[in-house]
Amino acid sequence: MNDHHNKPGGSAGRNPYDKTEDATSEISKRLRALYDSVQTEPIPDRFLDLLEKLDEVDAPPNAGSQRK
Amino acid sequence: MNQAVSTGSPAESPSFKREMLQILPNLRAFAYSLCRRHDLADDLVQEVIVKAWSKQSSFEMGTNMKAWLFTIMRNEFYSAMRKKGREVPDPDGSFTARLSSQPGQYGVMDLNDFKTALDQLPDDQKEAIILVGASGFAYEEAAEICGCAVGTMKSRVSRARTRLEELLQISGAADYGPDATSSAATARATSG
């Protein structure tokens, strides 16, 4: 329904109809940039260690016969 | 790829763990958006990991683990908030320092402004736009996570967008004037 953007030039060809779309995508981009600043951090060791421990508790090496 | 699917209990946890690890960065980012402080956010992530692990048997492998974990996190967060009498934590100052080391497309100031604006939204609108706009959920999934109707979710997201546009005074090309650098950066990023 809103397929009204034919951008021949590409770069500076902003027409008034794009206003809302521009604003919306500007918001989305900033939101994602903020979110990604955390999301792209490596997983802290404390969580890797925690998962390792949970895994050991859950499945001890000699628990072959133990079923849920 | 997916070796050893359901061959007894010990084989269950490795893939459970692996899947959880994949979702963890996204989950952490959501935690941060809820808590606004890295230390509190990571404490919340830890609680969620332990909780999810203990509920492992109630999770069906192959279903949406991401939505499941986000639901647990959201419940944990709001029940903790209720217990503490809804005290809103002070955002941490380490954000700026952390960000300046990130080679992102936006300046630190841009994102700090955005963060301030985001914090002015009502909780329900804020989480709506984050889940749909950043965490990558469909409206339906986000609605399920928040326990509301899809239509409600859509209107929350749309209201959040409108409010953010007002707060940041982004209403289209004409308003980019004083912010030319970020606009140029955006154009560059879009073309890339």
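What share of the 68 residues in chain A is made up of buried residues? In this predicted model, the figure comes out at 19%. Chain A itself is built from two helices, with zero strands. For chain B, buried residues account for 30% of its 192 residues.

Chain B also has zero strands, and its helices number nine. Read from the N terminus, its elements simply go α-α-α-α-α-α-α-α-α. As for how the chain folds back on itself, take the contacts in chain B between residues at least 6 apart in sequence: 62% of them join residues at least 24 apart.

Lys66(B), Leu69(B), Phe70(B), Met73(B) and Phe77(B) are the buried residues of H3(B). They sit on the same side of H3(B) because the arc they cover around the axis is only 100°. Turn to the face pointing away from that buried side, and the exposed residues Ser79(B), Arg82(B) and Lys83(B) show up.

Next come the helix pairs. Two packed helices are described by the angle between their axes and the distance between the axes. H6(B) and H8(B) have axes that come within 8 Å and cross at roughly 100°, so H6(B) and H8(B) are roughly perpendicular to each other. On the H6(B) side, the residues that meet H8(B) are Asp124(B), Gln125(B), Lys126(B), Ala128(B), Ile129(B) and Val132(B). H8(B) answers with Met153(B), Arg156(B), Val157(B), Arg159(B), Ala160(B), Arg161(B) and Arg163(B). Sorted by class, the contact of H6(B) with H8(B) holds six nonpolar, one polar and six charged residues.

H8(B), residues 150-168, also packs with H7(B), residues 139-146. Here the axes lie 8 Å apart and the angle is about 100°, which means that H7(B) is roughly perpendicular to H8(B). From H7(B), the contact draws on Tyr139(B), Glu140(B), Ala142(B), Ala143(B) and Cys146(B). Their partners in H8(B) are Val150(B), Thr152(B), Met153(B) and Lys154(B). The class count for the contact of H7(B) with H8(B) is six nonpolar, one polar and two charged residues. Met153(B) turns up in the contact with H7(B) and also in the one with H6(B).

Gln125(B) deserves a look of its own. This residue is found in H6(B), which spans residues 123-133. Is Gln125(B) buried or exposed? Gln125(B) counts as buried, because 21 C-beta neighbours fall inside 10 Å and the cut-off for buried is 20 or more. Setting aside neighbours within four places in sequence, Gln125(B) is in contact with Arg156(B), Arg159(B), Ala160(B) and Arg163(B). These residues are also among those of H8(B) that meet H6(B).

Leu40(B) lies in H2(B), the helix of residues 38-54. With 18 other C-beta atoms within 10 Å, Leu40(B) is partly exposed. Between Gln125(B) and Leu40(B) there are 85 residues of sequence separation and, C-alpha to C-alpha, 21 Å of space. Leu40(B) and Phe137(B) are 97 residues apart in sequence, with their C-alpha atoms 24 Å apart.

Definitions and conventions: Residues are numbered from 1 along each chain as its sequence is written. Chains are lettered from A and ligands numbered from 1 in the order in which they are written. This is a predicted model: local features need pLDDT of at least 70, side-chain atom pairs count only at pLDDT 80 or more; totals for chains, interfaces and linings use all residues. A residue is buried if 20 or more other C-beta atoms lie within 10 Å of its own, exposed if 12 or fewer, and partly exposed in between; C-beta atoms are placed from the backbone. Helices (H or I, at least four residues) and strands (E, at least two) are DSSP runs, numbered from the N terminus. The arc is that of the directions from the helix axis to the C-beta atoms. Axes are lines fitted to C-alpha atoms, for helices over the stretch in contact, and angles run from 0 to 180 degrees between N-to-C directions. Angles under 35 degrees count as roughly parallel, over 145 as roughly antiparallel, 65 to 115 as roughly perpendicular and the rest as oblique. Two residues are in contact if their C-beta atoms, placed from the backbone, lie within 7 Å. Ala, Val, Leu, Ile, Met, Phe, Trp, Tyr, Cys and Pro count as nonpolar, Asp, Glu, Lys and Arg as charged, and the others, Gly among them, as polar.
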